[in-house]
Amino acid sequence: MTDPAPANPSRRAPASQQAQVLPAPANAAAIGGSVSLTINGTALKVPLGTTILEAARTAGIQIPTLCHHPDLCIAGVCRICCVEVEGQRTLQAACAYPVTAPIKVSTHTRKVRQARRHVLDLLLSEHFGECYACGRNLNCELQSLARDYGVDGFRFGHPERPRFPIDRSSYSVVRDRDKCILCRRCVRTCIDLQEVGTLEVLGRSDRSRIGTFLEKPLGGVVCINCGQCINRCPTGALRANDPTDEVWAAIQDPAKHVVIQTAPSPRAAIGECFGLPPGRALTLELNTALRLCGFDKVFDTNFAADLTIMEETTELLLRLREALAGRAAALPQFSSCSPGWVKYLEHFHPDYLPHLSTAKSPQQMFGAVIKTWYAHQHGLAPRDIVTVALMPCSAKKFECNRPEMDASGFKDVDYGLTTRELAKMISETGLDLVHLPKSDFDAPFGTATGSGVIFGATGGVMEAALRTLLELVTGEPVEDLYRHADITPVRGFEGIKHLELTLPRVGPVPALLAPLFTDWDWLKGATLKLAVAHGTANARRVMEDIQRGGPFSRCHFIEFMGCPGGCLGGGGQPIPTSPAIRQARADAIYQEDSSYPIRKSHENPDVQKLYREFLTEGPCGPLSHRLLHTRYTARGRYIE
Amino acid sequence: MSAIPTFSAQVPEAGLRAALALDRAGILAVIAASGLRGRGGAGFPTSVKWNLAASAQAGRKFMVCNADEGEPGTFKDRVILMDHPGLVFEGMTIAAKAIGAREGILFLRGEYAYLRGGLEQALARRRDQGLLGPDILGSGLGFDLRIFMGAGAYICGEETALIECLEGFRGEPRNRPPFPVDTGFLGCPTVVNNVETLAWAACILDRGAAWFRSSGTVPSSGRKLFSVSGDCARPGVYELPLGITVAELLREVGGEGAKAVQIGGAAGQCAPAREFGRTLAFEDIPTGGSVIVFGPQRDMLEVLRNFLEFFIDESCGQCTPCRLGNPKLLEGVERLRAGRCSMAYLNELRALGETMQVASKCGLGQSSPNAFLSIVDHFRDEIMGRNAVPARAQAKAGR
C-alpha cells in the first residue's frame, strides 16, 4: 500500500514559503555530487546544493538566524544570516544560498557585521520589548541575538508603548502584534507544515502584519489550537492562554480540593525548561514538586489513557463486528484523543465526524471520573474540586471548555496547564525540580502502564490499542507476536505509517467484555488494516485518500495526532522545538514504557477496579457512554 | 509623443521569418553577437539568459514578457505596446523558439488595462494569420501566449515576484538562486524579458547583429528608448544610441539649464549638473529608459521625499532592511526638512542605506537608497541649510 499522492504543489504555500527545489547543475556528474568551498578561509567539502548555513554548521561556524527553523521551509526574509560571497556585490542569505560551485564565504567582514547590527536595530525599532514582563524573557531569539551581536543602543529608536491590542479571543493561542518581527515562521508553520492556513501575511511594506481571514479574532476563525505556531515563534508574539494565576488562586483557596493529572509528554520535556537536555523524564521528581506547590493530589494521566484504550478498543470491536457481518459501520475509526485533530476534522471534514471514536481523551475522561466516582469515594463535593491537567497541549485549553464536557454535572476539567506554564509555577516556588526526591502518584489513580505512557508519541495510541486488542481477542500474550510487546512498525516519525495485521487465532471473550460479546468467531482470520498519521498535513493526505476511496478508506482504525511528532511536540511543550529534540523526547517516552512492570492497559489494576466498582456494565456500557464518551460539532470552514 | 523610427520602419515578421530559417543555436548566436542587453533597467545580457533556459532540461518552458512598466518616469513600453505590439509578439515567438518554450505570457501592469483590448485583437489577428499557434507559418514551431493582468504593484516588475503573481500568490520576490531560467513559473525554466528587449530582438534577427552593434558603445551596444519627462520643452519617448551623454540628451529634449537629472527612475541615480558629461549606458549611468529633468526651481529634498514615499508604498515587506529601512530614510528626510537632522544621524542613515543596498532581498530594497545617497551627497548644501535652526539649538535638542 503506497502513501497517498502528494497534493498539487501549486495549491500549497507560495514558492517563497516552500522548500527550495534545486536543479542539478549541468556538470553534476563531472564534479561528483559534492562541492568545495571556504568559509573564513576554512576549506570544506559538502554535498552539492547544501546551503551556506548548513555548510557552516558542519564546520562549527556560527551564523545567526531568525526566520530560519529546522522544521520549516526556507524563507530568507530576516536577512540576519547574510554573508559575503567573493565576487558578489550583494550579501547572500546563508540560509537560502545553495552551494553549487566553489565559493569563498566570509561571515564577519565589516559589511556583514554592519548589516547584522542594522537588521537588529531595525527590528528593535518596531518590537515593543517589555522583556521583564514577557513570557519569553531569557528564552527569546531576538534577545539572544541582541546580546550575541553587540547591540548597545537603539540606533533607530525603540517603541516606548504598545500600539496594538492583544488578541485574547482564543482559548488556546494569544497574539501580541507588538512583539512580532515578521519572521513568518507562524505562517509557514500554519500553511506549509500543518496545512491549516489560519495565519497569513496581510498588507505590504511597513503595513505588513500577520493576520487571520478578514482580520477576525483568532477565536472566531478556523484555527485548530494546535499551538505549533507558538512553539516556533522566536519572540513573545504568540503564546498560550495562561491560567496560572487562576490555578494559584485555587491552590491557595482552602475550600478547594485541587487535583492535577500529569501527562507523559510534559514529564519527558519539563527538564528542558530547567536547563536539562531533552530526553530526561522527571516524572517522579515532578510529583514531589507538585505537592510542594500545594496540589492536594497528583494523579497520572496514564491511568486515564488506559481507560481510553479500554473504551476505544471496545468501540472498535463493536464497529468491526458490524462491518464484518456486512452491516454498515463507521470505519475506519479515527482516534479522538487529540483535540487539535478533532477540531481539524470538525472544520475540514465534518461529514466524517461519525468516524471519530466517541471516546473522550484521557484528560477529559479523568475529569469526569474525578468529579463523580472519586468525589463520592472521598466524601468531597464536586463543586469544591478543581481539576487541573498538565498537558503538552494548547488545544486542551479549548477542549476542557467545550460545553459538552460536563458529564459530571460540573466542568470536568477546569484548567489545561502547559509544560511551560507549570515550569513557571515551579520556578516561582524556588524549588530545584531536578534534585527533588522522587515520589509516587496518589491513589486511587496512581498505577499506570507502559501503554499509557506511549500515548505521548505518534503511534503510541495505536500500539496501546493493539496490545490490548490482540490479547483480549487472541487470549495469548502479545509478546508472542511482538518481542517485549514492542509493536515497532507503528513507531517513528514517518509522516504516515500503516500496518496490516492478521489475527493468528481467537480465544475466549474476557469477562469484562461479556456484556457485549459472546464470542470472537467473527474475527477468525481477519486482517486488520491500520494507519498512523501525525501533523495535520499528513492527516489531510489520509483524509483526501479516504474521500477518493483509496487504500486508507479500507483501514479499520487510524490514529491521528494533530501535532508533528505526536503529543511530545505539542503546542504547550518547551520552546524551542526541532526534529532532534522531539526524537530525544520520544526516546525518553519509549524507555519509560519498557521500564514499567505492567505494559498493557487492560492489566492496570486501578482500571480493573474502576470497572468492577463503578462502571459495572463494562466498557461502552451506558454509564461509560454518559461519562466517558462525547459528541462532536460540525463546524465547517465558514465563520461568522 | 515621438514615433519610434526603427520600430516604425521595421518590416513586420521579417525578424520572425529570419528566425524560423535558423535553428536554436543560430538564433542564440545572433543575439549573442549583437550584445543585446535587457532594456528594462537591469541590463542583463539577453543571450546569456536565453542560453541558460535553452540548455535547461525540462519538458515545459515559458516565455514571459514583462510589461509591468512601473519605474516612475518610464512610459516607453506603453508606447511600444500601443504602436508596435506585433514587434513584441514577434520577439516573444523568436525567444520561444530559441529556448524551446511553447507557452508564453504577457504580464501587463494593471494600470495599462485600457491597452488590453488592442493587444488581444492583435493576438487574434496573429492567430488568424498563422503567426501564433501549433504550426507557425508552416515551420513546425508551436507557440501561443496569453495576457495576464497585474494589479498595481511595482514589485511585480521584479521577475521572481512577477512569477509569484502569475502563480496566484502575493507578488513577493523569491530567494535566488535558483533563477527563473532554472526554476521559474510552476517550477519550469522561464525567461522573463522586457517589452523593449523583445522588440529589439525581432529587429536584430532581421537586420543582423552588426547593424545593432553599429550604434551604442562596446559594452552597451545598440539603441534604446528613453522616456523623458519633467522640466523640459519636449518631453516624450526618444530613440537614441546608448552612450549618449546627459548633456546631449538635454539638448535633444530642450532641458538645458536643468539642475539635476534623475536617470533610472526612483531606483536610479540623480546626476547633478557637474556630471552631465556622463553617459547613459550600462557601464556608466544605467537606465530602463526613465529620465526626469529637474529645473533649478525644484526642491531636491521634496524630490527625495517623493521617491522614498513611493518605495515605502511599493515595498513587498518581506525583508527587514527594505521594510523597516525605507521608513527610516524617509524619517531622515523629514528631519532634514525640519532642520533637525544632525550630521551624526545623517551618517547613520547613509550607513543604513549602504546596508540596504547589499542586504535587501531584491532590487527594490537594493536600489531605494540610491536616490537618498546620491541626493544627499550631490546636493549637500541645499539639503543641510534647512529652516536655519541655529547650531546651539540643535545641540540642545540632542540631535
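In this predicted model, B:Asn66 stands opposite B:Asn194, a residue of strand E4 of chain B. The two strands concerned, E1 (residues 62-67) and E4 of chain B, run parallel and are joined by 5 bridges. They belong to an open sheet of 4 strands in chain B, in which the order is E3-E2-E1-E4 and the pairing is parallel. Strand E3 (144-149) and strand E4 (190-194) of chain B stand at the edges of this sheet, and because each has a single partner strand, one side of each is left without a neighbour in the sheet. On average, and with direction ignored, neighbouring strands of this sheet are turned by 20° against each other. Helix H6 (residues 85-99) of chain B lies across E1, strand E2 (103-108), E3 and E4 of chain B, and runs at about 150° to E1(B).

Chain B also holds an open sheet of 5 strands with mixed pairing, ordered E6-E5-E9-E7-E8. Here the edges are formed by strand E6 (236-241) and strand E8 (269-272) of chain B, each of which has a single partner strand, so that one side of each is left without a neighbour in the sheet. Neighbouring strands of this sheet are turned by 30° against each other on average, direction ignored. Strand E7 (residues 260-263) of chain B runs antiparallel to E8(B), to which 4 bridges join it, and B:Val261 has B:Ala271 in E8(B) as its bridge partner. Two helices of chain B may be described with this sheet: helix H5 (residues 76-83) packs on it, touching strand E5 (223-230) and E6 of chain B, with a direction that makes about 115° with that of E5(B), while helix H15 (residues 363-378) packs on it by touching E7 and E8 of chain B, its direction making about 20° with that of E8(B).

Between the chains, 48 residues of chain A are in contact with 43 residues of chain B. The area buried between chain A and chain B is about 3,500 Å², and carbon and sulfur atoms give 54% of this area. On the side of chain A, the residues that lose the most area to chain B are A:Leu122, A:Phe156 and A:Arg204, which together account for 17% of what that side buries.

The second largest pocket has a volume of about 960 Å³. Of the 31 residues that line this pocket, A:Gly135, A:Arg136, A:Arg420, A:Glu421 and A:Lys424 are the closest to its centre. Strand E9 (238-240), helix H7 (244-252) and helix H14 (419-429) of chain A are the elements that give two or more residues to the lining, with the largest share, 5 residues, coming from H14(A). By class, the lining comprises 13 nonpolar, 7 polar and 11 charged residues.

Notes:
Residues are numbered from 1 along each chain as its sequence is written. Chains are lettered from A and ligands numbered from 1 in the order in which they are written. This is a predicted model: local features need pLDDT of at least 70, side-chain atom pairs count only at pLDDT 80 or more; totals for chains, interfaces and linings use all residues. Side-chain values use heavy atoms; hydrogens and water are left out. Two strands pair if DSSP finds at least two bridges between them. Axes are lines fitted to C-alpha atoms, for helices over the stretch in contact, and angles run from 0 to 180 degrees between N-to-C directions. Contact means heavy atoms within 4.5 Å. On a 1 Å grid over the protein atoms alone, a cavity is a set of points where a 1.4 Å probe fits but cannot get out, and a pocket is an open set with protein on both sides within 12 Å along at least five of seven lines; lining residues have an atom within 4 Å of a point. Grid points are joined across faces, edges and corners, and a volume is the space filled by probe spheres set on the points. Ala, Val, Leu, Ile, Met, Phe, Trp, Tyr, Cys and Pro count as nonpolar, Asp, Glu, Lys and Arg as charged, and the others, Gly among them, as polar. Buried area is the accessible area (1.4 Å probe) that two parts lose on being put together, summed over both.
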